Amino acid sequence: MLVLGMETSCDETAVAIVENGKKICANIVSSQLKLHHRFGGVVPELASRAHLESLPLVLRAALRRSNLSLTDIKAIAVTYGPGLIGCLIVGVSLAKSLSYALSLPLIGVNHLEGHLHSYLLTSSLSPPFIGLVVSGGHTSLILVKDYGDYRSLGETRDDAAGEAYDKVARMLKLGYPGGPLIEKLAREGNPESVKFPRALPNSLDFSFSGLKTAVLYYIQKCGIANPADIAASFQAAVVDVLVKKSLMAAEKTGVEKIVLGGGVAANEALRRALKEAGKKKGIKVYIPPKRLATDNAAMVAAIGYYYLQRGERSDPFSLDAISDLRVESRERREEEVDCIL
Ligand code: KG4
Ligand code: ZN
């Protein structure tokens, strides 16, 4: 079964075609990095306009890459939240139109669920597991009991981990997006040179705002003569917290599998530290390849396929974009949408 996946929740226009939830026939990601670079972050209005222009081209590129036509596609999966509302609407509108015009089943997918299940494309692990989603908008520890059956164990009370990377990169005048730039700079620095704070040590919730402020105060006091040391010390604090809380979640729930997902999962220091810590505690750690960790539509098609297999469908007339969609309430939120309409 060939599923067409679409993802436009933030600043990547992505279309993928995935066979039976596993085999990637095409996975095209068009980044808007250059567009937002000079603003130091994503400008929502520019992002949604860029999706409008790029989405049909990216769709055509995915079909060409896979040597397929729209008539070969058997279903459509699309991210309907969370994310920037104008951006989400572009993807959801095209998905609904195609579903109606081609009489294809449609399934709305939560972006975080996509990140949680991107491992599906490369490994045969099945729930239950602890999912750690670390992206520009989220830092969440989730107990995945089954597909669609989630319990939030902890989340950030302020900034997301990726957001902290982006903000600290701006303080160090590195540019956007900050994650890969800080990671590169940190390789040349000493992670122990500045002892930045690790917040909420006994909770499964996260807080990165104090860390961000500590970096700011350090720069105000000492300047940025040693940017690599600041980057390495900041990264050490983020990685330390993410790893410790993931292990704490595994211990508390007795679930001995941890799955990492989201843009920050592309970070080599985090990948290494989580694997090593898991090994010491006898906990299996699953990490998707970097190209599937950051935003893409293959993960949307993959989890969409599992819902379609279970007979779940979204209504091409009533599916709507929901900017603050939560992962635990998939069914409830879809019911709410039905009621509103
Ligand atoms: O999942 P994603 O691609 O988009 C969102 O859903 O937000 O994540 C983007 C975030 C950005 O904040 C970016 O700085 C961060 O992921 N990121 C990284 C790395 N690559 C991307 N953070 C740390 N290290 C990286 N290598
Ligand atoms: Zn994401």
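Reader: Which residues come nearest to ligand 1?
Author: Gly136, Asp166, Glu183, Gly263 and Asp295 come nearest, out of 20 residues around ligand 1. A residue is near a molecule if one of its heavy atoms lies within 4 Å of it. Before we go on: this is a predicted model, where local features need pLDDT of at least 70, side-chain atom pairs count only at pLDDT 80 or more, and totals for chains, interfaces and linings use all residues. Residues are numbered from 1 along each chain as its sequence is written, chains are lettered from A and ligands numbered from 1 in the order in which they are written, and side-chain values use heavy atoms, with hydrogens and water left out.

Reader: What does the side chain of Asp166 do with ligand 1?
Author: An N or O atom in the Asp166 side chain is 2.7 Å from an oxygen atom of ligand 1. That falls under polar contacts (a pair of N or O atoms within 3.5 Å; within protein, one must be able to donate a hydrogen and the other to accept it, and residues adjacent in sequence count only if both atoms are side-chain atoms).

Reader: And how far is His111 from an oxygen atom of ligand 1?
Author: The distance is 3.1 Å, taken to an N or O atom in the His111 side chain. Asn267 has a side-chain N or O atom 3.0 Å from a nitrogen atom of the ligand.

Reader: Now the sheets. In what order do E1 to E5 sit?
Author: They form an open, mixed sheet ordered E3-E2-E1-E4-E5. Strands (E, at least two residues) and helices (H or I, at least four) are DSSP runs, numbered from the N terminus. Two strands pair if DSSP finds at least two bridges between them. At the edges are E3 (23-31) and E5 (106-110), each pairing on one side only. From one strand to the next, the twist averages 20°.

Reader: How many bridges join E2 to E3?
Author: Eight, with the two strands antiparallel. Ala16, for one, has Asn27 of E3 as its bridge partner.

Reader: Which strands does H2 touch?
Author: H2 (residues 44-66) packs on the sheet against E1 (2-7), E2 and E3, and its direction makes about 30° with that of E2. Contact here means heavy atoms within 4.5 Å. Axes are lines fitted to C-alpha atoms, for helices over the stretch in contact, and angles run from 0 to 180 degrees between N-to-C directions. H3 (residues 85-102) lies across E1, E4 (75-81) and E5, at about 155° to E4.

Reader: What about the other sheet, the one with E6?
Author: Its order is E8-E7-E6-E9-E10, again five strands in an open sheet with mixed pairing. E8 (149-155) and E10 (284-286) are the edge strands. The twist averages 25°. E9 (residues 257-261) pairs with E10 in the parallel sense over three bridges, and Ile258 has Val285 as its partner there.

Reader: How do H5 and H7 pack?
Author: H5 (residues 161-171) and H7 (residues 209-222) meet at about 10°, with their axes 10 Å apart. They therefore count as roughly parallel, a label for angles under 35 degrees. H5 brings Lys167, Val168 and Met171, while H7 brings Lys212, Val215, Leu216 and Ile219.

Note on methods
Angles under 35 degrees count as roughly parallel, over 145 as roughly antiparallel, 65 to 115 as roughly perpendicular and the rest as oblique.
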